[in-house]
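Colleague: Could you take me through the side-chain packing and the sheets in this model, one question at a time?

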Amino acid sequence: RRCGSVQGKLTRNGWGLAKINDTPWGGKPVGIRLKKQRYQCGECGGTFTSEHPAVCDDRHMTRRLARKIKEDGLKSPRIEALADRFGVSVGSIWNLLRGRVEKLSNQAPMSPMRILGIDELHVSEGDPYTVLTDLWHGTVIELMESNDKSDIRETLREIVPDPQIKPNVHVPRQYGTWRDWGVVAVVMDMDTRYREVARDVIPRAKVIVDRFHIVDKASKSVTKVRRRATSAKDKERRKERKAKGKVEDDESYVTKWKRKKDIFGRRWESLSPAEQIRLEEDLRQIPDLKDAYFAYDEFKKIFDLNDPDEARKAFRTWERRLPESIEEEFEKVTRPLSNWREEILNYFRFTYKYTNGGTEGLNRAIRQINREGVGHTSFDVLKAKVLERLGPKIETSRERRGGTSIFRGKAASE
């Protein structure tokens with residue numbers, strides 16, 4: 001009773017009829033017409049109805065429907081579709097999910113981290129977001145609305161375990177004492193902000209430049225050489241034909257090599273003997289393009305090595321042998337080899353070659369979640385959905401025992 005009296009006499013005051021939403025049956029929303037006894041207090045004159053244990057006190061729905069909404073709400077692509085499925089309003093769903101959103105926004109990682117990935121993410125116009133990932137478990141640790149260096153530093157200090165505090169996890173004997181526990185590697189693109197933050201917050205961790213990032217720069221350099229060399233070759237051929245009074249009727253070099261550009265992504269060893277002969281004959285006509293192709297091929301071979309010292313020598317040899325005619329196009333490759341040499345060589349210091357491919361895959365998944373939920377503008381909702389679907393999961397008993405599935409990234413001897 002609302003008045004709080006325990007002495008007032010209660011009298012029955014008729015019946016009330018309430019519509020209660022329940023979990024769907026056969027894909028259709030279910031509504032229950034619940035007949036409830038109404039009472040009147042003899043002391044204050046107020047009326048109230050009896051409560052049912054299976055019905056939420058403050059909502060017209062069953063408790064099992066409320067649990068179902070909390071479990072599936074953030075996993076559903078669109079809240080409007082979920083509302084139609086359960087037969088409730090969008091506002092009711094958001095009221096139930098508000099607590100879950102706040103909990104996920106402040107949630108700490110549930111599993112120990114060994115390999116940390118950092119990348120920026122563009123999902124809409126404006127400043128990019130920052131994504132922090134656990135590359136071993138393949139999960140998103142944190143999605144930040146800011147891409148500012150100071151904010152990233154502050155967030156990392158909150159989520160990265162302090163090496164001076166003993167973690168509440170089992171550390172296998174072969175990996176040393178608990179003081180050796182923590183993040184051993186940080187994988188990133190060539191962004192100086194991320195490198196400075198990693199060195200400041202996690203000084204013992206190795207900073208690894210993503211292999212595919214530097215190889216992509218080499219691929220773009222080949223494209224620049226192709227465009228320049230084929231355009232110059234077409235111009236030269238047009239002058240010759242014009243001097244001889246001939247009509248231009250052959251396919252241009254620009255069109256020919258644009259159509260065959262996929263060949264540059266293939267290794268020389270992967271080509272059949274017939275393909276090698278044909279490619280070599282075509283490249284003989286454009287020397288700069290030939291030099292660019294084989295320089296790119298040799299550059300990719302270096303990443304097949306397993307020893308950092310051998311890789312260091314191989315990079316120096318590759319730079320020394322790079323033809324002068326294509327040095328300008330390959331400047332975006334040679335410059336990082338000087339400014340980021342140690343970070344690139346750290347890729348070879350681990351038995352398992354870590355890249356940011358896992359982070360890029362999670363970025364694509366985040367963009368998909370954002371497209372599915374078009375209509376909501378709240379970053380907190382997007383973050384909650386991302387952490388619900390892609391965030392840390394409770395570790396298995398095997399991981400708690402220190403199984404090998406956690407420690408695939410043990411550093412090799414340097």
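This is a predicted model: local features need pLDDT of at least 70, side-chain atom pairs count only at pLDDT 80 or more; totals for chains, interfaces and linings use all residues.

Colleague: Over which ring does the charged end of lysine 260 sit?

Modeller: The charged end of lysine 260 lies 4.9 Å from the centre of the ring in question.

Colleague: How many aromatic pairs does a search of the whole structure find, and is the pair of tryptophan 257 and phenylalanine 264 stacked, tilted or edge-to-face?

Modeller: Searching the whole structure gives 17 aromatic pairs. For tryptophan 257 and phenylalanine 264, the ring centres are 5.8 Å apart and the planes stand at 35°; since planes must be under 30 degrees apart to count as stacked and over 60 to count as edge-to-face, this angle falls in the remaining class. Phenylalanine 264 is itself buried, at 6% relative accessibility. The pair is therefore tilted.

Colleague: How is the pair of tryptophan 268 and tyrosine 293 classed, stacked or edge-to-face?

Modeller: The ring centres of tryptophan 268 and tyrosine 293 are 6.4 Å apart with the planes at 65°, so the pair is edge-to-face. The pair links distant parts of the chain, 25 residues apart, with tryptophan 268 in the loop between α7 (253-259) and α8 (273-283) and tyrosine 293 in helix α9 (residues 287-302). Tryptophan 268 is buried with a relative accessible area of 17%, and tyrosine 293 is buried with 1%. To repeat the class asked for, the pair is edge-to-face.

Colleague: With which residues is phenylalanine 330 in contact, leaving aside its neighbours within four places in sequence?

Modeller: Phenylalanine 330 belongs to one aromatic cluster, whose members include Phe299, Tyr347 and Phe348. Once the neighbours within four places in sequence are left aside, the contacts of phenylalanine 330 are Ala218, Ser221, Val222, Val225, Ala292, Trp318 and Leu322.

Colleague: Which strands stand at the edges of the open sheet of 5 strands?

Modeller: The strand order in this open sheet is β6-β5-β4-β7-β8, with mixed pairing. Each edge strand has a single partner, so one side of each is left without a neighbour in the sheet. At one end, β6 pairs with strand β5 (residues 129-134) in the antiparallel sense over 5 bridges, and threonine 133 stands opposite valine 140 there. The edge strands are β6 (139-144) and β8 (206-209).

Colleague: In the open sheet of 3 strands, what is the bridge partner of leucine 10 in β2?

Modeller: This sheet runs in the order β1-β2-β3 with antiparallel pairing, and β1 (10-25) and β3 (47-49) are its edge strands. Over 12 bridges, β1 pairs in the antiparallel sense with strand β2 (residues 28-41). The bridge partner of leucine 10 is cysteine 41.

Colleague: What angle does the direction of helix α2 make with that of β1?

Modeller: Helix α2 (residues 79-86) packs on this sheet and touches both β1 and β2. The angle between its direction and that of β1 is about 125°.

Definitions and conventions: Residues are numbered from 1 along each chain as its sequence is written. Side-chain values use heavy atoms; hydrogens and water are left out. Rings of Phe, Tyr and Trp (its six-membered ring) pair if their centres lie within 6.5 Å; planes under 30 degrees apart count as stacked, over 60 as edge-to-face and the rest as tilted. Buried means under 20% relative accessible area, exposed over 50%, partly exposed in between (1.4 Å probe, protein chains only). Helices (H or I, at least four residues) and strands (E, at least two) are DSSP runs, numbered from the N terminus. A charge sits over a ring if NZ of Lys or CZ of Arg is within 6 Å of the ring centre and within 35 degrees of the ring normal. Contact means heavy atoms within 4.5 Å. Two strands pair if DSSP finds at least two bridges between them. Axes are lines fitted to C-alpha atoms, for helices over the stretch in contact, and angles run from 0 to 180 degrees between N-to-C directions.
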